[in-house]
Amino acid sequence: MVKVFIYPATSLILSDMVARFGHTPLSSATAIRERIQTAGLESPPLQITPEEPKKGLKWAAVEVPAGVRGRMSLYGPMIEACEAAIIINDADLAFGCMGCARTNELIKFLVHQKDIPRLELNYPKNEEDGVKFVAAIKRFLTGLGGAK
Amino acid sequence: MTDYTPVHVGSVTKYVMVESFEITPADLAARGYEISKGVMIKETCFGLVINGKEEEVDRIVAELRKIDPDHIFVKDRGFPPGDARRCRANLGGARPGYNGLEFEMSILPYVSHGLEVLDKKDAKDVPPPEDPLEHPLLDIYKLKKLIDAQES
């Protein structure tokens, strides 16, 4: 089983496809779950504490806003752990404040910098695109080998 | 600052989404309750939220997928079902994160169609989709056509 980073990290479709074809999706839910299930200081809603922007310094400089560094403390370890990546480029649902937007740019940059198999796609807009979309993901994930 | 004591430690939560003309969330919930042992299942408008030990949740999800494999989609969730920090019963309005699901739910019929087609066809025989990183230059003849259309 290969650890596949998905972007958008909250994507239902990518998470399902990766698991369906026998690999492990690295999504934001698993990173959030770790924090939700760890005892510490109360910091609702996501249990992101002031420690997270400090951890984010590994991926973003100190001048970068704390919002970006805090988010990178979730996504950075996943990008480091991933052995392949699937990116959807026209994911409007990932739109957000400047923290989200800059984090998204940094995530894509870091994934592009990493020498791993990568699949770049757009969301399908009709049934014909849907077939090509699923076929591309299936070919990519099968080509990685080691599927469960 | 107050201490935080987590609940459901060591459990996993998964969404099971239904995008089908034949299966409803209620059907899935009934089947889920039949085969579940010690997990929490919550029925929602789009499917189920299942919380419990990882092996047990995976087993139930695998069984539920068999009902309609091309129209049932699964994803992880960070929070347990009904968590006061996320549940809209406490917050009011749409649950944070639902907008993303709602957007992808509109695309699921195309993905389901793709899965159905690929059950009968080899993925190698399907042409690749357009490369999103490719930005083709505007063809000179197309530009001339656009100018002519504007001038006429």
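Which residues of S5(B) are buried on one side, and which on the other? In this predicted model, Ile72(B), Val74(B) and Asp76(B) lie on one face of S5(B), while Phe73(B), Lys75(B) and Arg77(B) lie on the other, and all are buried. Within chain B, S5(B) pairs in the antiparallel sense with strand S2 (residues 12-18) over six bridges. In this pairing Asp76(B) of S5(B) has Lys14(B) opposite.

Chain B as a whole contains five strands and six helices, arranged from the N terminus as β-β-α-β-β-α-β-α-α-α-α. Its radius of gyration is 22 Å, whereas a compact globule of 152 residues would have a value near 15 Å. Along the principal axes, the C-alpha atoms of chain B occupy a box of roughly 70 × 50 × 25 Å. Buried residues make up 26% of the 152 residues of this chain. Of the contacts in chain B that link residues at least 6 apart in sequence, 62% are between residues at least 24 apart.

The contact between the two chains involves 42 residues of chain A and 41 residues of chain B. On the side of chain B that touches chain A, the elements contributing two or more residues are strand S1 (3-4), strand S5 (72-77), helix H4 (98-105) and helix H5 (108-120). H5(B) supplies the largest share of this side, seven residues. By residue class, the side of chain B that touches chain A comprises 23 nonpolar, ten charged and eight polar residues. Strand pairing also links the chains: S1(B) and strand S3 (residues 40-41) of chain A pair in the antiparallel sense over two bridges. Here Tyr4(B) of S1(B) stands opposite Gly40(A).

The largest nonpolar core consists of 65 residues, and those with the most contacts inside it are Val4(A), Phe5(A), Ile6(A), Ala85(A) and Val16(B). Helix H6 (residues 127-144) of chain A gives the most to this core, namely eight residues. In soluble globular proteins, nonpolar side chains tend to be buried together. Beyond its neighbours within four places in sequence, Phe5(A) is in contact with Leu26(A), Met78(A), Ile79(A), Cys82(A), Ala85(A) and Val111(A).

Note on methods:
Residues numbered from 1 in each chain as written. Chains lettered and ligands numbered in written order. Predicted model: local features only at pLDDT ≥ 70, side-chain atom pairs only at ≥ 80, totals over all residues. Core = buried A, V, L, I, M, F, W, Y, C linked by C-beta atoms within 7 Å. Buried ≥ 20, exposed ≤ 12 C-beta atoms within 10 Å, placed from the backbone. Helix = DSSP H or I, 4+ residues; strand = E, 2+ residues; numbered from the N terminus. Contact = placed C-beta atoms within 7 Å. Nonpolar A, V, L, I, M, F, W, Y, C, P; charged D, E, K, R; others polar. Pairing = 2+ DSSP bridges. Rg over C-alpha atoms; globule rule 2.2 N^0.38 Å.
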